[in-house]
Amino acid sequence: MATSLLPSPLLVCQLTHQNPNTPWTPPPQIISKYPILQHLNSCKSMNHLTQIHAQMITTGIFTDNFALSRILAVVALSPHGSIPYTRLIFSKTRKPDAFMANTLIRSLVFSTSPNEALTFGKNGERFPVSCQGTGSNQGSKVLLEVESRSKRLIDLNPQRLGKVSYAWVAGQHKAYQNLLKSSVVMSDIHTFPLLLKVCSEIPSLSLGKAIHAHVYKMGFSSEVSVLNFLVQMYASCGLVDSAKLIAHNLFDNMPERNVVSWSIMINWHVQNSHFKEIWSLFREMLREKFEPNESVLVNVLSSCAHLGALEQGKWIEGYVSRSNITMTVRLGTTLIDIKNVLAWSSIINGLAINGQARQALDLFSQMVIEGIKPNEVTFIGILNACSHLRLVTEGCNLFESMTKVYKLKPNAHHYCCLVDLYGRAGMIKEAQNVIKTMPFKPTSAILGALLNVCRINGERELGEKVGKKLLELEPNQSGRYVLLTNIYAASGKWDHVATLRRLMREKGINKTPGCSFIDLGGTIHEFIAGDNSHCESKMIYTKLDEMRGELNRAGYKFDTGQVLLDMDEKEKESAVFHHSEKLAIAFGLIKSDLNSTIRITKTVRVCLDCHSATKLLSRIYAWEIIVIG
């Protein structure tokens, strides 16, 4: 075997440094047949790869698909490879097999243009390659150089590639149909997870459904590896309620699950802020004897931060220790960060909710001085702190510091806080300008914040416009109906109120009640307004009557302005006093140890009456009470 075209020994790593787990590593029997392939793992640049490719062409090895698939894999997947070069190799392969096709698809999936994995055909010139720019031109030049070295004439005309630009339109079924018709290789079990991953990232629910149908037709609908990515696809494209339902049904009916299955569902719940559901899934996962991986543990810890569940976070730390789970850098860092940030954020939120926003800002400064880097969650808390006392200047400065100082990218939650900050200060135009100038289209949550701002400020005309827009975007979201109903009620438009409530009944939409959580003894207790389902409900309501009496003796006046129902004042006071956070406070006063802090997390904004009542109850009972919401 000639070796004159191989890189010099100085440029080739010794075989002892090879990674045996790379997908391009040939088995020993193939290396004995084609010794040139042993150098693939030693390559450190495209120059080395092209030398090996050139010798394969010279010696005729390239006609063996197995040998050619190895160099295709290293060019496609290694850090030193080239996707344009990969596509050119594939296009010149007479009969590419499934391994080669999947390798190319995988390289496209993890590229900057993953959608191209869904639209390539079998001939080189039919690839959806954007040949404008240096990437493809460089690939053409390198391949021509290989052919020059091998002194073999391959029918390649770079001009024939042309300047083709393929615009991606999400959900283009025609492109996928063309793939099925023109592909020279039949899709196999390894192809569909890659294609579904692309649909998750775009995202494109319609195209994902088309691939799902193909999966079913090919008989892969019970394969756990394919099902995992189907669940992920539907969850990622879950803006439609039916898509979420399909994701859950697929997961619940999987004939076999693995750790990845659980990780996908838990991750989806984190992304959608379903933090209590995460704990239910996690407990079920442990009951079924699955050992959680790093991703699961990190996401469960994240749910602890959002629920304010310090005890649960400590339990996770103990579980990791007891189970001898490897403490990776990410997991260890998350444990430390979650405890630090959670502790600081809880206090900051507690100060803010109790009307001490200045102290919350001072504590934030102290947090930074002590070297604890705030994260996105911290900024949600501190922006809410500014919003509670209408500290517009401080809030805007902190918002700007996210990017300028801490290199954090504000997300929709932070823009919600900014809209709320301006709105609570009565700066409606500024709130609207935030939505107009932010770097992405307003989400329903941001429009919801603007709708709430309209309700607070009595901006009924704007509120009606925003409310109607939200109903178009989220026709099944009960909270949008409730806010718009309140705006109509405040305007005295009771016929509109009746129409909306009738529409909710016809669609089977029930108001989702705000929930309050309290973590006691490692158990999370949940309450909703007027709730009597708790096992100690009788004791809780007895304590609630006591609290009401103490407030009355202290001269407290209930704020019933947000109860927009046709009832007398006494009924409104009773409705306000049975809010979920007051039930949680009552339970906390009964069950918490003396000198401990009662920490309560609420899923929606704390109402004005609960805000004021909590401050007074804290003084009456000489107990630190923190309500985050």
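Which residue in β2 is the bridge partner of aspartate 519? It is isoleucine 524. Before the rest, the conditions. This is a predicted model, with residues numbered from 1 along each chain as its sequence is written, and side-chain values use heavy atoms, leaving out hydrogens and water. Local features need pLDDT of at least 70 and side-chain atom pairs count only at pLDDT 80 or more, while totals for chains, interfaces and linings use all residues.

Back to the sheet. Strand β1, residues 515-520, pairs with β2 in the antiparallel sense over six bridges; two strands pair if DSSP finds at least two bridges between them. Helices (H or I, at least four residues) and strands (E, at least two) are DSSP runs, numbered from the N terminus. The open sheet has four strands, ordered β2-β1-β3-β4, with mixed pairing. β2 (523-528) and β4 (625-628) are at the edges with a single partner strand each, so one side of each has no neighbour in the sheet.

Now the helix pair. The axes of α13 (residues 259-271) and α14 (residues 275-287) come within 8 Å and cross at roughly 165°. Axes are lines fitted to C-alpha atoms, for helices over the stretch in contact, and angles run from 0 to 180 degrees between N-to-C directions. The two helices are therefore roughly antiparallel to each other, a label for angles over 145 degrees.

Which residues meet in this pair? On the α13 side they include Trp262, Met265 and Ile266, and on the α14 side Ile278, Leu281 and Phe282; contact means heavy atoms within 4.5 Å.

Conventions: Parallel < 35°, antiparallel > 145°, perpendicular 65-115°, else oblique.
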